[in-house]
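Trainee: I have a model open and want to talk through how it is put together. Can you take my questions as they come?
Mentor: Go ahead.

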Amino acid sequence: MMRSPAVALIAALPLLFGFKMFESRNSEVEQGNAAMQAGKAEEALAHYDKAVAKLPAEPGVHLDRGSALYALSRFDEARQEFLRATEGGQDQKLKASAFRNLGNALSKLDKHKDAVEAYKRALALNPADKAAKWNLEIALRKQKEEEKKQQDDKDKNKDDKKDDKNKDDKNKDDKKDDKNKDKDKDQKKDQNKDDQQKQDKQEKQPQPQKAPENQPERIQEMLKNLEANPKDLERERARLRAVRRGPPARDW
């Protein structure tokens with residue numbers, strides 16, 4: 001989605017710090033402020049550490065120390081100091097400044113939703129705070145971008161899960177088809193085995209014997225052959241007569 005040039009400009013511009021250091025007669029606070037004005041954040045932090053040890057309940061000292069930490073890009077520690085600065089004191093402008101700088105630290109930590117709330121608190125205490133208004137606009141834009149990204153990631157995860165489900169269903173169907181194919185193969189194999197067993201059984205069974213030739217038909221055939229050859233017929237008749245004339249067999 002294309003962003004307008006104005007929106008892109010707002011997102012690219014830096015946060016406005018708008019910090020006014022807390023003034024105190026405490027020597028450590030004064031030395032810390034002087035070091036901050038000279039751009040020596042490490043040196044300033046060392047003085048503010050000593051000031052906090054002497055004035056732990058003073059919101060302005062925590063605000064100063066948070067500013068030094070912020071300048072050193074130690075944003076989470078700065079956030080804690082700015083939060084402490086909002087918890088005490090009656091100075092509304094100091095508290096508004098603490099909330100605005102708390103929003104700045106939260107923005108640096110990419111906690112844009114919390115930063116928006118901090119800027120709103122700052123403006124409720126000091127509606128004329130231009131830096132808080134500007135930073136609130138930036139934080140709102142970044143919050144919308146963050147929410148859109150989260151929604152896009154959520155939709156993508158949903159689509160990925162849907163794709164994974166479709167893949168799982170397809171794998172299940174493929175496995176089912178493979179199972180059916182294996183079952184068909186097994187059934188065909190069993191059928192072939194049964195057919196082979198039946199064929200082997202039939203081959204092992206005794207073949208029916210050929211029926212003997214009809215005896216009277218065989219005699220008639222012999223007679224026909226003999227009649228076709230008169231000499232053979234005469235010899236056969238002589239043999240039969242000789243058999244009938246022979247002496248009876250003795251039974252002793």
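Trainee: At what angle do α3 and α4 pack, and how far apart are their axes?
Mentor: In this predicted model, α3 and α4 pack at about 155°, with 9 Å between their axes. Axes here are lines fitted to C-alpha atoms, for helices over the stretch in contact, and angles run from 0 to 180 degrees between N-to-C directions. Helices are DSSP runs of H or I with at least four residues, strands are runs of E with at least two, and both are numbered from the N terminus.

Trainee: Roughly parallel or roughly antiparallel, then, for α3 and α4?
Mentor: Roughly antiparallel, therefore, for α3 and α4. The cut-offs are under 35 degrees for roughly parallel, over 145 for roughly antiparallel, 65 to 115 for roughly perpendicular, and oblique for the rest.

Trainee: Left-handed or right-handed crossing of α3 and α4?
Mentor: The crossing of α3 and α4 is left-handed. A crossing gets that label if the near helix is turned anticlockwise from the far one by less than a right angle, and is right-handed if clockwise.

Trainee: Which residues make the contact of α3 with α4?
Mentor: From α3, Ala41, Leu45, Tyr48, Asp49, Ala51 and Val52; from α4, Val61, His62, Asp64, Arg65, Ala68, Leu69 and Ala71. Contact means heavy atoms within 4.5 Å. By class, the contact of α3 with α4 has nine nonpolar, one polar and three charged residues. Ala, Val, Leu, Ile, Met, Phe, Trp, Tyr, Cys and Pro count as nonpolar, Asp, Glu, Lys and Arg as charged, and the others, Gly among them, as polar.

Trainee: Where is histidine 62, and which residues does it touch?
Mentor: Histidine 62 is in helix α4. Not counting residues up to four places away in sequence, histidine 62 touches Val52, Pro56, Glu81, Arg84 and Ala85. Its relative accessibility is 7%, so histidine 62 counts as buried. The cut-offs are under 20% relative accessible area for buried, over 50% for exposed, and partly exposed in between (1.4 Å probe, protein chains only).

Trainee: And glycine 60, buried or exposed?
Mentor: Glycine 60 is buried, with a relative accessible area of 0%. Glycine 60 is in helix α4 too, and apart from neighbours within four places in sequence, glycine 60 is in contact with Phe22 and Leu94. Glycine 60 and glycine 89 are 29 residues apart in sequence, with 8.7 Å from C-alpha to C-alpha.

Trainee: What about α2 and α3, what angle and what distance?
Mentor: Helix α2 (residues 27-37) packs against helix α3 (residues 41-54) at about 160°, with the axes 8 Å apart. That makes α2 roughly antiparallel to α3. The crossing of α2 past α3 is left-handed. The contact includes Glu28, Val29 and Met36 of α2 and Ala44, His47 and Ala51 of α3. By class, the contact of α2 with α3 has seven nonpolar, four polar and four charged residues.

Trainee: Which residues of α2 are buried?
Mentor: Glu28, Val29, Gly32, Asn33, Ala35 and Met36 are buried in α2. They cover an arc of only 160° around the axis, which puts them on the same side of α2. The arc is that of the directions from the helix axis to the C-beta atoms. What covers the buried residues of α2 includes α3 and α4 (59-71).

Trainee: Switching to backbone angles. What is phi at serine 73?
Mentor: About 65°, a positive value although serine 73 is not a glycine. Serine 73 is in the loop between α4 and α5 (75-85). Its relative accessibility is 47%, so serine 73 counts as partly exposed. Aspartate 110 also has a positive phi, near 60°, and is in the loop between α6 (92-108) and α7 (112-125).

Trainee: Whole protein now: how many helices and strands?
Mentor: Ten helices and zero strands. Buried residues make up 27% of the 252 residues. Of the contacts with a separation of 6 or more, 50% are between residues 24 or more positions apart.

How values were computed:
Residues are numbered from 1 along each chain as its sequence is written. This is a predicted model: local features need pLDDT of at least 70, side-chain atom pairs count only at pLDDT 80 or more; totals for chains, interfaces and linings use all residues. Side-chain values use heavy atoms; hydrogens and water are left out.
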